[in-house]
Amino acid sequence: MAMNYNAKDEVDGGPPCAPGGTAKNRRPDNTAFKQQRLPAWQPILTAGTVLPTFFIIGLIFIPIGIGIFVTSNNIREIEGNVFMYYGLSNFYQNHRRYVKSRDDSQLNGDPSALLNPSKECEPYRRNEDKPIAPCGAIANSMFNDTLDLFLVGNESDPTPIPLKKKGIAWWTDKNVKFRNPPGADIPLEERFKGTTKPVNWVKPVYMLDPDEDNSGFINEDFIVWMRTAALPTFRKLYRLIERKNDLHPTLPAGRYYLNITYNYPVHSFDGRKRMILSTISWMGGKNPFLGIAYIAIGSISFLLGVVLLVINHKYRNSSNTADITI
Amino acid sequence: MDCSLVRTLVHRYCAGEEECVDSRTVYVGHREPPPGAEAYIPQRCPDNRIVSSKYTFWNFIPKNLFEQFRRIANFYFLIIFLVQLIIDTPTSPVTSGLPLFFVITVTAIKQGYEDWLRHKADSAVNQCPVHFVQHGRLVRKQSRKLRVGDIVMVKEDETFPCDLIFLSSSRVDGTCHVTTASLDGESSHKTHYAVQDTKGFHTEEDMDSLHATIECEQPQPDLYRFVGRINVYSDLNDPVVRPLGSENLLLRGATLKNTEKIFGVAIYTGMETKMALNYQSKSQKRSAVEKSMNVFLIVYLCILISKALINTVMKYVWQSEPFRDEPWYNQKTEAERQRNLFLRAFTDFLAFMVLFNYIIPVSMYVTVEMQKFLGSYFITWDEEMFDEETGEGPLVNTSDLNEELGQVEYVFTDKTGTLTENNMEFKECCVEGHVYVPHAICNGQVLPAAAAIDMIDASPGAGGREREELFFRAVCLCHTIQVKDGDEADGPRKSPDSGRRCVYISASPDEVALVEGVQRELTPRDIKQLPQSHTARKRLGFTYLRLKDNYMELQNRGNDIERFELLEILSFDSVRRRMSVIVKSATGEIYLFCKGADSSIFPRVIEGKVDQIRSRVERNAVEGLRTLCVAYKRLIQEEYEGICKLLQAAKVALQDRERKLAEAYEQIEKDLILLGATAVEDRLQEKAADTIEALQKAGIKVWVLTGDKMETAAAACYACKLFRRNTQLLEVTTKRLEEQSLHDVLFELSKTILHCGASLTRDNFSGLSADTQDYGLIIDGAALSLIMKPREDGSSSSYRELFLDICRNCSAVLCCRMAPLQKAQIVKLIKFSKERPITLAIGDGANDVSMILEAHVGIGIVGKEGRQAARNSDYAIPKFKHLKKMLLVHGHFYYIRISELVQYFFYKNVCFIFPQFLYQFFCGFSQQTLYDTAYLTLYNISFTSLPVLLYSLMEQHVAMDTLKRDPALYRDIAKNALLRWRVFIYWTFLGVFDALVFFFGAYFMFENTTVTSNGQMFGNWTFGTLVFTVMVFTVTLKLALDTHYWTWINHVVIWGSLLFYVVFSLLWGGIIWPFLNYQRMYYVFIQMLSSGPAWLAIVLLVVVSLLPDVLKKVLCRQLWPSATEKVQTACLVSGPPLGSHPLASL
């Protein structure tokens, strides 16, 4: 690259062997690129060009915002599928020491990583000379309260609401990213042979669920927990309450009773637990932020458009040159 | 250079034993001098190996790495990288190691390749066969085996293998011709002379019998200076001592021409040759942009350190409650617990530094370098700056200063050859008061007698006729012209109407013009009425034919050939400003002819029609003609012998030879008789006036620095509109200083200026407004040296300050009678004045080199006086008029391009890093990164690098023609306007604002809710990816908003780089990557895109981030438009000629 660049060569100073009498015609090519005359669109941000943009932004954003806002506010009506979340606050799942304390190879069913987990899992890597499966702080601190929802009907004995455990984790996580150790025919327990359960767990990983498709590393509660939250106050999907038929609401009006098996300590770090029931629209759960932001920005944009229009009008009259266009 | 260091060390080491280290002694043919002679201690000299390469195969890697890490930026990145390796850091060492490795490798490969080419060139040179004389026979050896003292034979068209003392030539007169095209670019043939006493040694056997020693100075880089002495021992007599000068020295790199073969003895070899010494690199010039970039870097380094400090302190405050430091779910390892608190705090600080280090990106350096390197091609490619006549285009010798061309405040220009063509045309001569003009001029028109005769007394009588002929002979003889035979007429000038086609070659174009002028038919104006076609008047002029065997031959009016023996040449120098020859006519009369500037001739004249000639000279000077006076003196034999002795003594002197010679010349050139004067016109270069006018309108002050006399220079200044009719001229000249003291003159002038020009503000004096009086200052060299001289009482600066004050208020300054060094002094004076203006020096000759090197930007004109100026310059252009496009168009473009590049780079890295900083407040100050490693690494390398690089190569905010038409636009960017603190802070705050929008936008989106339609939750990596996506789009679109010139390439690169980001993210998250120990990004990007609110948020946040900048732009344009913006809008109204449609460029 540097070599066909005459001037540079001279600076670098290799003494030329032959006398440099280049009598060639060094006339540069007359191409649009070399002469910097490529055809080009030359836009300029003037009030004239920007004004319509502001109005258009206003006109588009305000309806979108209103739409989002309305959708978001309608969410409280318990119709359609209902999603049950548990929430924790003041829990730093995004702490660096915590985030990295996992072994993705182990979770992907890699046999060598199963028995020899990554160093990142320290101090939750080995217990009593046995490798921990699943290793690391995230797995060790898995949320283990159980929540059961009952509808208190007219009779005294409450009817339990059926809660679906499957479908709460990302499909790709459940089917690709998380895998049990290999061996299709061998029972799950055998596949985890040589490992020990995380210190804080009551049951080993292969006994998380009687259903083998939801046990071991591919237990969906486990997978959900393993996706570390972005902020210290977070919620995680716990169960789905499916709508049975179109005639009845999923959760009809009435008194409900929540049974919590309290295992998970949060007082020590000043934390709080929550349970959230929510329906979901096309844009997710209830969140007024987006709607309000759209309305606000749309209005500001519209307002700026008006202000600019005024300024434009005023200054067009005062300036003698025709430097403003609409 | 290394070898110079070695040399000084060697000298220091040897100094104890050897006293005489400032000269060296060479035994010709390695023969010891006869025992009687002085004993010299032989010195060790290097062999003839040329080493221009920096590295060897073995030391390449360590030495190159060392060189590269000597750059502060590289060193900083290395430290960051090492810190990442040593401590437990949030980001993998790859993120900073990979870019650094890439940069270092690319640079190393480039330098290695260049060095390999140098090795190849070196070995080709070192292995060239050379003919040696050894024991009376010719031997062929490789060039590198040549040693000092070897006798070498060189044939025609071969280059000299080392610096040789010219012993003998195949030509009878002991001369040879060489060209130094590859040394200084001058293609004219130069004559060198063999040593008198050895020129009879024509064969190898003769050479073998030569017994001589040479004493000469130690190697020096000056190509045109050499002092030495040769002692030739013959069998019986005392040794003969002869002086050696640069005319006896044949330089390595020069080529032998027109001579069959020569013998020479090597005196400087290898790296000690003058050519090798001249290849030392020039001192680095740094541009103003680079300086402000470095200041900004320091600011960002401070920001970086303070960010890291704040976070470290916050971390320990926050952690003071143990349940936060180590909650039950997130325990530390035992080793971590036991670590010392201060050590922990320090590693935390380093970790934060590493986390935020991307705020100073490696890629900025790479991009800036690439922008400069690639961008400079546009100068060399520019067709408008290509000169058909000479076949030369612009040259870029350094690309580091491109943007400096847009910042020039002072232009210092040479006159001859720069403003003027240096294409001399003989206009007239004045002999004894009679004016002669070339016949060709009179021929066409019949001058009325009354107009012609305005200063003639009478028709020349017999004595007058004799004087007239003497004058013509003087002009024909007093020069250093060589004649080149017509058959190889590739020289620049052909004598138009001589019978024989022959070409005169000379270092000074004036001489050629004169000699050609007098050979033409001359018509005395006062005898105009005589019949024109008189056969006897066919050849009125004198024609110089040639110099043969020390006899100058010339053809006189009667077509007879006169021969004069050339006895001495007292060559021209710029201090004496005259030259002389001593010749002996056929009749045995000895004449001294002297030719020189009027000021140097008149004081030495004792006879002649001084007053008439002086008035004619002054008149011609006012018309802008270059005048020379011719005088003579007749010498008697005794006088001549005295002169000879005087000269010989001076020439042989080893020390102070120049001073002694000057003294001798001073003694010889006196008591002259004035013959007449000549006038030569040097026409202005085309469009010189237009260019100067444009530069002045652009707010650039133009100073003319010339060695010429005041009247000529002033006339040229008027001609090129530097001075106008209404310009009031202020003079600080020697003449005036004879009447008044410098103090009075300066104070009077400053009073005049400050009094009258009270309304004259600093920015408003370029002569645009007609009502304000503008001033022009003329100062000459002598007055300048008085001003520069420190006063006795030590207050050296007061005159300078006063002088600078006066200069600042003058629209134009003319400095005449300047020595080369004074030119540099003036440049330096302005360069270091209070305002530290950016200076540009432009010149074409060797005498401009010093100012070209001194100024911030040095521009050389590829002119007639060789290529020295072009070689030492930063940029070389063929003509002065090209300066206009160079500054107003290229300079302007480069400046806006690079300033946007610099600001944008800082901006986009604030956008990049500030969210990371904010995130620390939400993750317990644990140095958790917001973005994935791949994003951290590639953000600066690939996602956002190409659009800004392309912008910085292609952007044209105003059309090229508009910039040329309206030079005032140049003022909009004066004083580094786009890199001022205000602008820098604006960009930084814009970056901070955008970062806040990205981060908190994503924060409120994610806060405690779900954003998917299936109820599933996103984690921290999705959060970071959302911020990152918004950021990449915002940052790229911000550049798109700044782009005023959308070619199809811009479209491809801007949209392409966004597309690349999306495709890369899809791919990066679409696969379980083997060999990676984490899969945190798996499907994160795709899942994010499957969520409607994420799309809405991206659109919203991008709009919000861009809104304030757009608003600021529109309001500024509307309310306080700059000149550039007005022009832009005006262009928009009138409608650009092509490509107005958005898709036109596609």
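This briefing covers the interface between chain A and chain B, and a nonpolar patch on the surface of chain A. The model is predicted. In it, 110 residues of chain A are in contact with 130 residues of chain B. Between them the two chains bury an area of about 11100 Å².

**Make-up of the interface**

- Carbon and sulfur atoms give 62% of the area buried between chain B and chain A.
- Polar contacts are found across the interface for 33 residue pairs, with both residues at pLDDT 80 or more.

**Salt bridges between the chains**

- The count of salt bridges between chain B and chain A is four.
- A salt bridge joins the side chain of A:Arg27 to that of B:Glu388, with an N to O distance of 2.1 Å.

**Nonpolar patch on chain A**

- A nonpolar patch on the surface is formed by A:Ile56, A:Leu59, A:Ile60, A:Phe302, A:Val306 and A:Val310.
- Together these residues have about 520 Å² of accessible area.
- Two helices of chain A, α2 (47-74) and α10 (288-318), are the elements that each give two or more residues to the nonpolar patch.
- Helix α2 of chain A contains A:Ile56, which is one of the patch residues.

Methods
Residues numbered from 1 in each chain as written. Chains lettered and ligands numbered in written order. Predicted model: local features only at pLDDT ≥ 70, side-chain atom pairs only at ≥ 80, totals over all residues. Heavy atoms only, no water. Contact = heavy atoms within 4.5 Å. Buried area = accessible area lost by both parts, 1.4 Å probe. Polar contact = N/O pair within 3.5 Å; in protein donor to acceptor, adjacent residues only side chain to side chain. Patch = residues over 30% accessible without salt bridge, like charges linked within 9 Å, V, L, I, M, F, W, Y side chains within 5 Å. Areas by Shrake-Rupley, 256 points an atom, 1.4 Å probe, with all protein chains shown as cover. Helix = DSSP H or I, 4+ residues; strand = E, 2+ residues; numbered from the N terminus.
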